Amino acid sequence: MTKLKEPFLRIEHLEKWYGELHVLKDISLDIAEKEVLVIIGASGSGKSTLLRCLNFLEKAQKGKFYLDGQKIRSNERELNRVRQEMGMVFQHFNLFPHMSVIKNVMEGPVHVKGISKKKARDKAYRLLEKVGLDDKADTYPAMLSGGQKQRVAIARALAMEPRVMLFDEPTSALDPELVGDVLKVMEDLGREGMTMVVVTHEMWFAKEAADRVIFMDEGIILEEATPEKMFTSPEHERTQAFLKQILPQDGSS
């Protein structure tokens, strides 16, 4: 009999408060290796906080976390190790303005992992080529569009060779015409087998790239389903109302 594989990432009974505000309420979630999980929901529903707790940028009051079957301890050494295994891309790009694009991508491997500058530069060029920006290697961030900056941020996260990529509304700060190039890079990563957890309002990305979609509301996971089921026949009235509001002219396309 084949033994069922442990989930790659597991969250058990996660609780998070900010003062009196109960932001995450008894969240339990399993994420499979190579799965693309997309989290949707209204602003303030707890999506970004869940992502930040998963990467230990926020400290939860309760809950257990497991990576590849191993419980993650709360000591700083262990958390630093886990953070290196989870690349994170934020709404805002957080690039170093005084460094060229390629030096931004090289920074982590050289100073955190101790990789030689030559090896890091070679890897950085390959990653910039992957995101379509190898011709911008010596450019400074101020000369890039928002979409280009976000693609550099993705390359920078990938340079650390993470096992999981977390995306916190990576296109929300971009002009609409710049969104597609960023989502294309993310879609390609998913096809290549990168485990990804994506918080986004881009419903077409959820439809096309996700293996599973979660709808959060008021700090709980209200519904989860395949993209097809989520967008054609959601079960919860709250999910139905949200999708009707965010996709007023979308229909079932």
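The points below go through selected helices, strands and residues of this predicted model.

1. The sheet. Six strands form an open sheet with mixed pairing, in the order β6-β7-β8-β3-β9-β10. Its edge strands are β6 (86–89) and β10 (220–225), each of which pairs on one side only. From one strand to the next, the twist averages 20°. As background, the strands of a sheet pair through backbone hydrogen bonds, in either a parallel or an antiparallel arrangement.

2. Strand β9 (residues 212–217) pairs with β10 in the antiparallel sense, and five bridges are counted between them. Asp217 has Ile220 of β10 as its bridge partner.

3. Strands β1, β4 and β5. Strand β1 (residues 9–18) and strand β4 (residues 62–67) run antiparallel and are joined by five bridges. Within this pairing, Leu9 stands opposite Leu67 in β4. β4 also pairs with strand β5 (residues 70–71), again in the antiparallel sense, over two bridges. Here the bridge partner of Leu67 is Gln70 in β5.

4. Helix α3. How many of the eleven residues of α3 are buried? The count for this helix (residues 101–111) is eight, and α3 is mostly covered. The buried residues are Val101, Ile102, Asn104, Val105, Met106, Gly108, Pro109 and Val110. The cover over them includes α4 (117–130) and α5 (146–158).

5. Helices α5 and α6. The axis of α5 comes within 8 Å of that of helix α6 (residues 176–191), and the two cross at roughly 20°. Because of that angle, α5 counts as roughly parallel to α6. The crossing is right-handed. On the α5 side, the contact is made by Gly146, Gly147, Gln150, Arg151, Ile154 and Leu158. On the α6 side, the residues are Leu178, Asp181, Val182, Val185, Met186 and Leu189. Sorted by type, the residues of this contact are seven nonpolar, three polar and two charged. As a general point, an α-helix has 3.6 residues a turn, so residues three or four places apart point the same way.

6. α5 against the sheet. α5 lies across β6 and β7 (164–168). Relative to β6, α5 runs at about 170°.

7. Val164. This residue is placed in strand β7. Is Val164 buried or exposed? Val164 counts as buried because its relative accessible area is 0%. Apart from neighbours within four places in sequence, Val164 is in contact with Phe8, Leu9, Glu85, Met86, Gly87, Met194 and Thr195. Val164 and Glu235 are 71 residues apart along the chain, and their C-alpha atoms are separated by 30 Å.

8. Ile246. This residue lies in helix α9 (residues 237–246). Ile246 counts as partly exposed because its relative accessibility is 28%. Which residues is Ile246 in contact with, leaving aside its neighbours within four places in sequence? The contacts are His201 and Met203. Ala225 is 21 residues from Ile246 in sequence, and the C-alpha to C-alpha distance between the two is 18 Å.

Note on methods
Residues are numbered from 1 along each chain as its sequence is written. This is a predicted model: local features need pLDDT of at least 70, side-chain atom pairs count only at pLDDT 80 or more; totals for chains, interfaces and linings use all residues. Side-chain values use heavy atoms; hydrogens and water are left out. Buried means under 20% relative accessible area, exposed over 50%, partly exposed in between (1.4 Å probe, protein chains only). Helices (H or I, at least four residues) and strands (E, at least two) are DSSP runs, numbered from the N terminus. Contact means heavy atoms within 4.5 Å. Axes are lines fitted to C-alpha atoms, for helices over the stretch in contact, and angles run from 0 to 180 degrees between N-to-C directions. Angles under 35 degrees count as roughly parallel, over 145 as roughly antiparallel, 65 to 115 as roughly perpendicular and the rest as oblique. A crossing is left-handed if the near helix is turned anticlockwise from the far one by less than a right angle, and right-handed if clockwise. Ala, Val, Leu, Ile, Met, Phe, Trp, Tyr, Cys and Pro count as nonpolar, Asp, Glu, Lys and Arg as charged, and the others, Gly among them, as polar. Two strands pair if DSSP finds at least two bridges between them.
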